[in-house]
Amino acid sequence: MPTQRIIFTKSGKKDSRGSKQWPPARIVNSKRKQLSEQLNSTKLMSKVKPLISPNLIENLFKQTRFTKKEIVGLCKLFKKLVATYGAESTSSVAAMSSAALITIPTQGFDRLMFRELLQNEFGITTEEILTDRIFCFFDQRNDGVIHEDEWVIGLSVFLKGTQEERIKYTFTIYDLNNDGFITKEEIFSLLRNCLVKHPQDEDPDEGVRELVDIVLRKMDCDNDAKLSFEDFSTAINKQSLLLEAFGQCLPSREISEYFLNSISNVQ
């Protein structure tokens with residue numbers, strides 16, 4: 001079968017022997033220019049850093065003990081840490097299962113990400129029961145994610161809280177069922193997880209129960225076998241070392257100072 005010849009004129013139009021028409025060169029060049037401009041615009045936009053809302057900074061300044069400069073640093077750090085721990089969390093999910101990846105929320109910290117952050121950034125290597133309670137303290141919306149504003153507000157108590165704020169914070173952490181009291185059973189659960197057990201002990205929990213009784217005798221002012229906030233606050237104001245008597249839930253002073261000093265260097 002003979003091959004059909006297609007001939008085009010300089011203007012790009014086909015002659016009577018062809019069936020296809022190419023667009024004129026000036027139209028092609030115009031489209032190329034438009035595409036090039038779009039690509040350059042996309043590159044420039046990707047380099048622009050997202051701005052932090054002035055209203056957010058102002059609101060957080062009123063609600064926390066941070067300076068505005070510190071708030072800006074914390075917001076920048078929040079985005080970096082969410083990206084870092086979110087990527088690590090996604091990798092963990094991929095390693096554990098060959099099923100489809102679970103999408104990790106990018107708008108804040110989920111429980112797994114926050115637990116890793118507490119250990120790596122603040123040196124808190126406590127039991128899961130306490131890290132979960134700390135997460136709940138930060139997660140004021142109770143939606144399973146620590147958002148940017150919740151992060152800054154929580155850190156205000158975490159890093160710069162007054163004695164009264166820190167007492168209220170630790171009481172909230174130890175009040176496992178949120179009924180306004182730290183009961184004997186709750187103290188037992190907290191101490192049982194924290195203390196090292198010896199295999200040779202016939203009843204490892206016996207020593208924990210004895211310690212619970214000692215703690216209650218020292219801190220239970222009204223002798224009702226449970227600690228109210230007043231009991232807890234009074235005991236700590238007399239002996240500050242009792243602040244984290246039932247497990248670590250605050251960073252050390254050295255780590256807090258280092259973290260605060262590093263905020264201003266966040267890019």
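Author: A helix, as the word is used here, is a DSSP run of H or I that is at least four residues long, and helices are numbered from the N terminus. In this predicted model, Cys-75 is found in helix H3, which covers residues 68-96.

Reader: Why is Cys-75 called buried?

Author: A residue is called buried when its relative accessible area is under 20%. The value for Cys-75 is 0%, so Cys-75 is buried.

Reader: What does Cys-75 touch, once its neighbours within four places in sequence are left aside?

Author: Cys-75 is in contact with Ile-52, Leu-56, Leu-60, Glu-148 and Val-152, where contact means that heavy atoms lie within 4.5 Å. Ile-57 is 18 residues away from Cys-75 along the chain, and the C-alpha atoms of these two residues are separated by 9.0 Å.

Reader: Why does Glu-148 count as buried?

Author: The relative accessibility of Glu-148 is 17%, and because the limit for buried is under 20%, Glu-148 falls within the class. Glu-148 lies in helix H6 and, not counting residues up to four places away in sequence, touches Leu-56, Cys-75, Phe-78 and Lys-79.

Reader: What does the UniProt record list around this part of the chain?

Author: In an unreviewed entry, UniProt lists residues 126-161 and 162-197 for "domain: EF-hand". In the model, the span 126-161 is 67% helix and 0% strand, and its end C-alpha atoms lie 20 Å apart.

Reader: Which residues of helix H5 are buried, and which helices do they pack against?

Author: In H5, residues 128-138, the buried ones are Leu-130, Thr-131, Arg-133, Ile-134, Phe-135, Phe-137 and Phe-138. These buried residues pack against helices H4 (111-122), H6 (148-160), H7 (163-174) and H8 (184-194).

Reader: How many aromatic pairs are there, and what makes Phe-114 and Phe-138 one of them?

Author: The count comes to 16 aromatic pairs. Rings pair if their centres lie within 6.5 Å, and planes between the stacked limit of under 30 degrees and the edge-to-face limit of over 60 count as tilted. Phe-114 and Phe-138 are 5.1 Å apart centre to centre with 55° between the planes, so they form a tilted pair. Phe-114 lies in helix H4 and Phe-138 in helix H5, so this pair ties together parts that are 24 residues apart in sequence. Phe-114 and Phe-138 are both buried.

Reader: Why is the pair of Phe-122 and Phe-259 called tilted?

Author: The ring centres of Phe-122 and Phe-259 are 4.8 Å apart and the planes meet at 40°, so this pair is tilted as well. It links distant parts of the chain, with Phe-122 in helix H4 and Phe-259 in helix H11 (residues 253-263), 137 residues apart. Both Phe-122 and Phe-259 are buried.

Reader: How do you know that the charge of Lys-226 sits over a ring, and which ring is it?

Author: The ring is that of Phe-181, and Lys-226 lies over its face at 4.1 Å from the ring centre.

Reader: How many residues are in the largest nonpolar core, and which have the most contacts inside it?

Author: This core has 58 residues, and those with the most contacts inside it are Phe-109, Trp-151, Leu-155, Phe-158, Phe-232 and Phe-246. H3 gives the most to the core, with eight residues. Leaving aside neighbours within four places in sequence, the contacts of Trp-151 include Leu-74, Phe-78, Phe-109, Phe-138 and Phe-259.

Note on methods
Residues numbered from 1 in each chain as written. Predicted model: local features only at pLDDT ≥ 70, side-chain atom pairs only at ≥ 80, totals over all residues. Heavy atoms only, no water. UniProt positions renumbered as here; feature names shortened; annotations may be inferred. Helix = DSSP H or I, 4+ residues; strand = E, 2+ residues; numbered from the N terminus. Buried < 20%, exposed > 50% of the residue type's maximum accessible area, 1.4 Å probe, protein only. Phe/Tyr/Trp six-rings, centres within 6.5 Å; stacked < 30°, edge-to-face > 60°. Lys NZ or Arg CZ within 6 Å of the ring centre and 35° of its normal. Core = buried A, V, L, I, M, F, W, Y, C linked by side-chain atoms within 4.5 Å.
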